[in-house]
Amino acid sequence: MFRLYDFLIYCFITAYTPGANNLLSMSNAIRLGFRRSIRFNFGILAGFAVVMSVCTVFSATLYSFLPKVKMVMQILGAAYMLYLAWKVWKSSAEVNTEGGKEAGFISGMVLQFINPKIYIYAITAMSLYILPVYRSGTALTGFTAVLSLIGASGSFIWALFGAAFCKFFSRHR
């Protein structure tokens, strides 16, 4: 039985908690404004769709190896999060709202391939919620699209907040 409520809670919590996409989207919107950060966010969406598709195709196989890979993924994920925390901590207190180099579509898309949070999101959603109930290509394609849209929506929301609270963030590091 498919548990829609549990599935949606998982998806939205994962999509809207801090991660590489959300923090970089907010940072770009603070520096450049929301409109100039849109291309980066569409790159995130495109990359999300590609990663979700790959994870959907290989999720059943990966799930059988998950106990063996779990520790490695946890260590790599923790190291990546510590790296991001270090970069945020060492970033300049000055917020330059005069513009700067725009992060484009390609950089947003490429980021998805090194973002461990997306892989965990995709594999967990597929192996716990979707694959036990649905196996048809149409259903898996639909869920891949839903996971991509929900996941990438977090970066758009964080960009909106970054643009809205730009002055606050520049005063209160």
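Reader: In which hand does α2 pass α6?

Author: This is a predicted model, in which local features need pLDDT of at least 70, side-chain atom pairs count only at pLDDT 80 or more, and totals for chains, interfaces and linings use all residues. Residues are numbered from 1 along each chain as its sequence is written, and side-chain values use heavy atoms, without hydrogens and water. Helices are DSSP runs of H or I with at least four residues, numbered from the N terminus. A crossing is left-handed if the near helix is turned anticlockwise from the far one by less than a right angle, and right-handed if clockwise; that of α2 with α6 is right-handed.

Reader: Which residues of α6 make the contact with α2?

Author: Contact means heavy atoms within 4.5 Å. From α2 come N21, N22, L23, S25, M26, A29 and I30. The partners in α6 are G154, S155, W158, A159, G162 and A163.

Reader: Is N28 buried or exposed?

Author: N28 is found in helix α2. Buried means under 20% relative accessible area and exposed over 50%, with partly exposed in between (1.4 Å probe, protein chains only). Because its relative accessibility is 6%, N28 counts as buried.

Reader: Which residues does N28 contact, leaving aside its neighbours within four places in sequence?

Author: With the neighbours within four places in sequence left aside, the contacts of N28 are G33, S37, F40 and A103.  One of these, G33, follows α2 and has a positive phi, near 95°.

Methods: Helices (H or I, at least four residues) and strands (E, at least two) are DSSP runs, numbered from the N terminus.
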